[in-house]
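Please read them with the model open.

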Amino acid sequence: MINDPLLQPFQTKNLKFKNRIVHAPTTMNMSDPTGHVTGKITGAYESFGAGGFGAVCVGATCVRYDGLINERMLGLYDDTYIIGQRDLVEVIHNNGALAGIQLFYGGLIPGVGASFPIDPGKGWIPGTVAWGPTAAYAIGNKEPGVVPTEVYRSLVEDFAQAARRAREAGYDYISYHFCHGSLPHVTLSLLANKGRNDEYSDHFLFCEQIIQRTQELCGKDFAQFPRMCCDENYEGGYDIDYFVEHYAPRLHALGVEGIDATFGSMLPAKDRNPELSSGEMIGGGFYTPNLVTLPSVEKLRAGLQAKGIDMPLMGSCNINTPDQMRTMIRTGAADLFASCRQSLDDPDFPRKIAEGREEDIRRSTRTGSSLLQGNIFNKGWAGSAQNASFGRDREYRIRPTHRPRKVAIVGGGSGGMEYAIVADAIGHDVILFEKSDALGGVMNWAGNYPHLPNMEQIAYQPEWHRTMIAKSGVEVRLGQDVDAEQLIAEKPDVVVIATGARPTPVQAEGLDAALDGGFALLIDDVLKDRSVLPAGPIVIWGAGEGIELALDLAREGRTVRLLDPRSALAPAPYIGSRSKAVMRWAGQAGLTSEQGMTLTSIGGGSVRVGHPDGRAEDIACGALIIAPGRTAHDPLSMALYGTGITVQVIGDARSPRSYGNAIHEAAYLARNI
């Protein structure tokens, strides 16, 4: 393990990182309403420190109230904020990590997530403003204002004074938010900053003045490691070559510690690469390629070296396995790896790498950066679909019980396994029943789309659950479709029903016979085993759940008709943020969802459907795939009513949603037996 490149220390001018893994500055939205530190956010950053990161950077801390983009963002508006920030520094330092803090001012972003009309130039939070160097591009408010010269000058002082307070709080370095649509970034932008007639027509001047004034207040030995947008990835925007030629030399001359290199923007501009949006380069989406920024980091490194600039680089974005992390810090790429989403899904992953326990890492499925509470732009706090403890780190710590109970769990999917792991860790006697021959439930086949990118990541979650179950004391009984009588005979104190959902019933003449004969197939049967699909054209009934399969088959070269009874297409809840890419790709493949259709009859190798205009059509096909959506399946709770056994229904057995909902419900209820 000593030779693992991730675990090697790294020395910059003023900082010594114990390893190459940094928690990237992430907007948490866990402060109190005035921006002061809370126990919630202290617990979150404590988990990163304890997890073994070489450095932990506190995210998006506002230097002035009117730049907020969420009401629970940290602030450093005056010296009264220092004492709370010392709590964050302490829990990070106590765990042997460097402590950094990112200073932020919203610029054009305030207003994102507004659910009501907002006045021109305002954000949705009272007292906030949406403005930039010009009003040419809008992000949060469709009618942004223009920042006056005197406000730019006052913001330089606001940034520097916040940095001074950060140093007094004990932080080791400053990470400025000079990226992703904030005011410093859009001032750097060749698109957003065009046509000013004051000194800030010099695109770099605002960032330069912030760094210089901070050095005046804090000394040149106080490390500054700005998070920079190094390529806007827009037509007409600056690229890496421009950054290296015009911005990097001035950064280097200022003596910054290094560059936390990011790429992409939130401006509504035309992407330079039509296959990879600028927004995907910021945080990536589910389908965005792994290591998406690596070629950009390598190009930036080469460009800097060609100009004789030796500057440490930090790289990030869409990296969630140790091997991907090692690839990012290889020769010619980054010196440090900054982790965001993977940090939230498993804050302990650096320590697990160091201890040789990589199989224990809860690898990110990247199916959602937050759950149940909205997200950072929609009035919520940052969280993890997979890791229910994140954001509740102190209240969710495992505390052994002094009153062990016998717990019987029916269903070995995401909710059932999460409940079993937590209850066992607390000290309860747990039996897990699963009617099939394997744990995992629908997550075992939910990603079986070989022609769509990254779908293998969905399997990361059931793989982790199975690993943890195997290492636990949970008794697992596979192949057991238990009924109420069998459960009562076990004499449990608690029964957890995690039996999931079943396909919503569909009525059509001949459907039952078609299902028995194999001409009609349920979507789960196809995803479990693609070989059951015969040759010939395919008809899919149910676009909300079936659109990803339809796209995958179309990419395979199959002829597909996608039919749906609803008046408008509504992708299934678990598709979530993937739906935008799915719809774009479906359009490119010529695949459309035919809405308002009626499934009339099935037979003789064809499907009869009714169109919204009353017209009937017979469609010859090789198979009909039924993807009608899900209905909660709870065959046990009423039968257990009145027995004295505590009954809890979780996940899709309660209401079909996402695997994340099941995990969060299980994690909460298991801690409160």
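1. Leaving aside neighbours within four places in sequence, Ser 414 is in contact (heavy atoms within 4.5 Å) with Met 443, His 465, Tyr 659 and Ile 663. Ser 414 has a relative accessible area of 8% and is therefore buried (under 20% relative accessible area; exposed is over 50%, partly exposed in between; 1.4 Å probe, protein chains only).

2. On the source: this is a predicted model, in which local features need pLDDT of at least 70 and side-chain atom pairs count only at pLDDT 80 or more, while totals for chains, interfaces and linings use all residues. Residues are numbered from 1 along each chain as its sequence is written, and side-chain values use heavy atoms, with hydrogens and water left out.

3. Ser 414 is found in helix 11, which covers residues 414–426. Helices (H or I, at least four residues) and strands (E, at least two) are DSSP runs, numbered from the N terminus. From first C-alpha to last, helix 11 reaches 18 Å, close to the 18 Å expected at 1.5 Å a residue (1.5 Å times one less than the number of residues). Gly 427 follows helix 11 and has a positive phi, near 120°.

4. Of the 13 residues in helix 11, 11 are buried, including Met 417, Tyr 419 and Ile 426. The cover over these buried residues includes strand 14 (406–410), helix 12 (460–471) and helix 18 (659–670).

5. The disulfide count is zero (a disulfide is a pair of cysteine sulfur atoms within 2.5 Å). Cys 57 is in none, the nearest cysteine sulfur, that of Cys 179, being 11 Å away. Cys 57 is buried, at 1% relative accessibility.

6. Cys 230 counts as buried, at 0% relative accessibility.
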